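Here is a short report on the inside of one protein chain.

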Amino acid sequence: MQITSATQSDHAAVPCAVTMPPPLAAPRFELADARIGRITCYGDGPAAPSEQRPLLLIHSVNAAATAYEMKPLFEHYRHTRPVYALDLPGFGLSDRADRIYTPRLMTDAVLLAANEIRRRHDDTPIDAIALSLSCEFAARAGTESANLFRTLGLISPTGFDRRAEVAAKTGGDKDATRAMPWLRNIFTVPLWKHRFFSLLTSRASIRFFLRKTFGRKDIDEGLLEYDYITTHQPGAENAPYSFVSGYMFSVHALKLYQALAMPVWMVHGVRGDFVDYHGKHAVEGLPNWRIEVMQTGAMPHFEQLDKVVAGYDDFLARAVGE
């Protein structure tokens with residue numbers, strides 16, 4: 001796997017939407033692979049050397065996803081430990097090629113970023129926190145590369161609903177997805193491909209979907225504004241159309257979670273449209289899992305950052321003795 005990089009100063013030489021500011025105000029670098037394309041990563045840490053392991057933050061997948069979704073955690077941990085984030089393929093300042101986006105592609109991007117971070121830090125296993133659907137990608141990466149993650153944090157993970165619980169009881173291809181090719185074909189008809197996405201990503205529409213995510217009218221206004229910016233860049237619709245067509249959802253996500261060997265911390269809220277965790281009993285009894293429930297929506301780190309950080313730090317202290 002060939003890796004290339006670029007510093008922040010020469011980022012303008014990389015083809016991207018130059019009118020879009022980066023989602024995180026931090027030094028950034030580029031990684032590229034023939035299968036994945038180019039992804040943008042962000043990294044920072046305290047001025048003094050830190051003995052703490054690097055932390056990788058992985059944003060969710062939706063129509064407007066970027067590393068901005070992990071900003072509260074990035075801003076908090078940059079003062080105490082090396083912290084990194086990435087824009088997944090199809091989002092943010094990463095390549096937004098017109099192709100089908102799959103769990104394999106996203107998992108490979110996580111592996112690419114995580115292995116580069118390990119290389120920069122004496123090849124030591126790192127900690128990672130993923131959000132929503134990206135928890136499935138992180139879990140797949142963790143099962144495929146046993147020494148990649150020391151611990152794994154999952155915020156509002158997908159793959160624990162009733163449908164996933166039923167799938168976990170059946171056999172089948174471990175790489176199977178919920179893809180609906182007919183739906184993607186409808187979305188990508190050239191006549192209305194861009195127009196439909198523009199309607200889907202008006203400020204009013206974004207506010208509507210964020211209220212469903214937060215489970216309340218009060219949302220993060222900075223997130224809304226950045227969501228609007230990122231969804232009005234060239235190629236912004238390509239990855240979201242794979243998302244809404246089911247291509248990025250793993251049928252057997254619950255089995256991926258059950259196969260994780262490292263300490264796992266999971267937190268989820270109780271408000272909004274993303275509160276179906278009927279299948280979490282499949283991992284509740286596992287000795288390496290710790291699950292917390294907060295009185296929030298699906299982005300608890302935007303609503304109750306102090307509680308999220310306290311819960312995660314306590315998990316680390318118990319899991320690895322930090």
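The notes below cover the packing of this predicted model.

## Nonpolar cores

The largest nonpolar core holds 51 residues. Those touching the most other members are Ile 39, Leu 56, Leu 88, Phe 149, Met 248, Tyr 257 and Trp 289. Helix 2 (residues 103-120) supplies the largest share of this core, with nine residues. A second core is separate and has 35 residues, including Leu 93, Ile 129, Ile 219 and Val 308.

Phe 149 shows how one of these core members is placed. Setting aside neighbours within four places in sequence, Phe 149 is in contact with Val 110, Ala 114, Pro 125, Ile 126, Ala 128, Ala 138, Ala 141, Gly 142 and Met 262.

## Cysteines

The disulfide count is zero. Cys 135 is in no disulfide. Its nearest cysteine sulfur belongs to Cys 41 and is 18 Å away, whereas a disulfide needs the sulfur atoms within 2.5 Å.

Both cysteines are shielded by the buried criterion. Cys 41 is buried, at 2% relative accessible area. Cys 135 is buried too, at 0%.

## Leu 154

Leu 154 lies in strand 6 (residues 149-155). Leu 154 counts as buried because its relative accessible area is 0%, and the cut-off is under 20%.

Which residues does Leu 154 touch, not counting those up to four places away in sequence? They are Ala 130, Cys 135, Tyr 257, Val 264, Trp 265, Met 266, Val 267 and Trp 289. Glu 136 is 18 residues from Leu 154 along the chain, and their C-alpha atoms are separated by 9.1 Å.

Definitions and conventions. Residues are numbered from 1 along each chain as its sequence is written. This is a predicted model: local features need pLDDT of at least 70, side-chain atom pairs count only at pLDDT 80 or more; totals for chains, interfaces and linings use all residues. Side-chain values use heavy atoms; hydrogens and water are left out. A nonpolar core is a set of buried Ala, Val, Leu, Ile, Met, Phe, Trp, Tyr and Cys residues joined through side-chain atoms within 4.5 Å. Buried means under 20% relative accessible area, exposed over 50%, partly exposed in between (1.4 Å probe, protein chains only). Helices (H or I, at least four residues) and strands (E, at least two) are DSSP runs, numbered from the N terminus. Contact means heavy atoms within 4.5 Å.
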